[in-house]
Amino acid sequence: MPSSFDVRLRVNGRAVALALPAEALLLDVVRDRLGLKGAKRSCDTQVCGACTVLVDGAAVSACTYLAVEADGREVQTVEGLEEDGRLSALQRAFAERGAVQCGFCAAGMLMTARALAADEPAATRESIVRYLRGSLCRCTGYLKIVEAIQAGLGFGAPAARPESRTGALSVVGRSVTRSDALEKVTGRARYVTDLELPGMAHAALLRSPYPHARIVRIDTGRARAVPGVHAVLTGADLTWCDPYHGPAFRDRPMLAIDVARYEGEPVVAVAAIDAAVAACALELVEVEWEELPAVTTLEAALAPGAPLVHTTEPLAGHFADLSSLRPRPGTNVCHQFAYARGDVEAALAGADVVVEDTFTFPRVQHYAMEPHAALAAWDDATGLTVWASTQNPFSVRVELAKMFGAPLGRIRIVVPLVGGGFGSKTYAKLEPVTAALARAAGRPVRLAISAEEAFRTVRRCDTRAAVRLGFRRDGMLLAVDCHADFDVGAYADIGPRIVQKGTYTAAGPYRVAHVRLASTAVYTNTTPGGAFRGFGVPQLAWAVESLVDEAARQLDRDPVELRRQNLLAHGEEFAPGDTPIDGKFEESLSRAAEAIGWTRAVAAGRGRGVAMMLKASIAPSVSEAIVRLHADASVTVLASTVEMGQGARTVLAQIAAEVLAVPLERVTVLLPDTSVTPYDQTTSSSRSTTMVGRAVQEAAGDVADQLLRIAAKALDTPAASLRIDAGAVVHGERHLDYDALLRAHFGMAGGELIGRGVVAPGPTRAPLGGSTPFWEMAAGAAEVSLDVETGAVTVEDYVSVADVGRRINPLSCETQDEGAVLQGLGHTLCEEMVYDGGQLLNGTLLDYRVPRAADVPSRLECHFVENADGPGPFGAKGAGEGSLVPVSPAVGNALARLTGVRFRELPLTPERVWRALRERQARRTP
Ligand code: FES
């Protein structure tokens, strides 16, 4: 068989001739040989559709399609979608209708839609949904994608652009098209895996096949001898740096040292001329293992005498609020948190109704469609630069500086567009080992892991929560007692903070005098647990909100009314020393109940449920921003918010444009680069609009003040008599355009005004080392049906109501919350990482089911409470996480009201539901 084949094809109308090996995949050819980076690699298993291209007009998954099969054919990629140099109708519809968030699925969605247009010119909504069965999106709730396809095919309804009540505001509150939409619908958007540097090597990792094993011997000799291999590293080689990292405890080595603590832990890293050579070299590595007993469940890890995941005390991490962390020596307890007020035991003893139960929440995979990636390069003059798909460039910088003994100023983290995060890309993940490989190889190295490897990188902490609630006969909530165990996996990551933050708000949005909350973070020999949308709150809200409904049943009260009776009011104290409640729970609950038709009779075979949530944002928390007004009156915003799909850059541009009264298109927001853009703690905790937005507002206001002072001097009038409007300083009838004003001020057409904004907390008495900057608040209502023969639950209707203070970009808020609901439906109905004896059984998208377009409820509505009472710019506050949290309890409550069975375990798979129904039937049958 020849080693290569001559392949001739036409790509986007251009003739191409290539000599290709038989095994070359079409995706690699279009991306790496032809430089067409629009099609993306994600699942590698023909499930997600991100790699979809057309071959002779038919949609194919290029990740599994041999390039030689395309010989003599016509291939079309997203780069070929434009018509006469203008966006096609489909591309325009995707951009304008909010069908693009992180954009990692966009090319595949567009090409699939293009194939559908040829197949079924008169496609219906149902046929579009059916056609998307092989196309996943993890950001949107699919609604906007389906709408955009309808519109792109020429039969959609006119674009509905939600607007906020804006009053005098002109840019804020408008559903403007996101600033990165154009690059995302044309395939020009660049993510880390699209970046290349001259001489760049490709990295691959050998992972532990055992959940717990001692490394007796590693022989890398044969791997090192493979031509094209630049570097091979094991944990034993890392004597020249500090190999440990971790934000809470520095307990995670970049490569396993002496012991591997979970199946899939990186053990050996190779950098080679290309990915195939790297993979080939890994095959030649010999590892001798001694298996150790493993603990893979909370029960096993907490049992007396359990095998220990860590036998030495880990090093402290770098966060002040976590400096008190202490593992319990000789156990698998990584951290314990407790918070209490009042006298819970006395209150429960005096309660008329006490409901109690234990609820479990599963291990869940984020499946951000862009798997983690990093590209590292060392330079004698400037130090280390890492291009990373990270949500925390500044935390990664701190970690790398410590590990490589370098000052912060010589570590540079650049973050291009990120293809979804949901918490999975917080804190260092691949960056340390990629940097070490680049140092060893003496050249730039890119490490891009697969979706399968992402399952072995981070996940949501599974939880077991035992909860007691005490109520007075009149419905008053007297006491909340919650004891939870969180499984943080093999390494702590940010698990201890998840435990603290999630547990602190376990009592939910309710007024309750007696509270006792205690949680334990527990090591197990499984993939490390980390941040995931909701940050510990979904796990406990599942338990508490289920029990609130159970209490309503026992008290013979309506669940909505029982909640309403106990809700915290606007301005009321959540806990002594913490921020007063900054929204209106009552309004959210009422809107949700009204929209779901709570008081209407429910149809036969249907059940309705509601749930609520409260979440504290990260504290203490610092953000800085710089705004530059250029000589031509255009504006650059420097801020380090990571753009991972949430639309933050567009929101920051809207804020700057509003404050400076310039057209939105004159504002550019840079992507994070720690050597250029100023400090920002993290892009997580729904904080960017509030914290970075305030910093941008302040920085833009600083520029506006300078303009007024300059104009006041020029006009010899008090600054207070001036205002800015439409790119000019206005004094009576006179308009001094910014560019003319700057020219006069600097004496030439050059020079710029620079404004600075800083948002930093002062000291507070709040329990967790800082008052929450804002409260994230939401309600959810579900109507479900059930197939009693199979146990399959269908969420027919779902209404989400989030209190966001004010929507800066209403369309963005809506698409985010639709995505949040879908992600919530995932862990509610189908998502769970299943282990057997420490082996992950479903660590691919073939086996791990995430929601598809067909899983969207027939009616999914996202509403917003806007009272402009948030602490962010123009009264805004965080959005995007809250709407996920009530999904599980709302669905569980609906199912309980329909069946009379209270479910305590997620996900509510058909099998689990069917078994519960059977058990109930068996109990009833004598
Ligand atoms: Fe679809 Fe992010 S926009 S995966």
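**Cavities and cysteines**

The largest cavity is lined by 47 residues, and M644, S686, Q816, A879 and E881 are the ones nearest its centre. The elements that contribute two or more residues to this lining are α14 (495–504), β27 (606–616), α18 (648–660), α19 (688–715) and α21 (810–830). Here helices (H or I, at least four residues) and strands (E, at least two) are DSSP runs, numbered from the N terminus.

Please note that the model is predicted: local features need pLDDT of at least 70, side-chain atom pairs count only at pLDDT 80 or more, and totals for chains, interfaces and linings use all residues. Residues are numbered from 1 along each chain as its sequence is written, and side-chain values use heavy atoms, with hydrogens and water left out.

A cavity is a set of points on a 1 Å grid over the protein atoms alone where a 1.4 Å probe fits but cannot get out, and lining residues have an atom within 4 Å of a point. The structure holds 10 cavities of 30 Å³ or more. Of the 17 residues lining the second largest cavity, R252, M254, P266, K429 and L430 are closest to its centre.

How many disulfides does the whole structure contain? The search finds 0, a disulfide being a pair of cysteine sulfur atoms within 2.5 Å. The sulfur of C48 lies 3.7 Å from the closest cysteine sulfur, that of C43, which is too far for a bond. C48 is also buried (under 20% relative accessible area), at 2%.

Definitions and conventions
1 Å grid on protein atoms, 1.4 Å probe; cavity = no way out; pocket = protein on both sides within 12 Å on 5 of 7 lines; lining within 4 Å. Points joined across faces, edges and corners; volume = space filled by probe spheres on them. Buried < 20%, exposed > 50% of the residue type's maximum accessible area, 1.4 Å probe, protein only.
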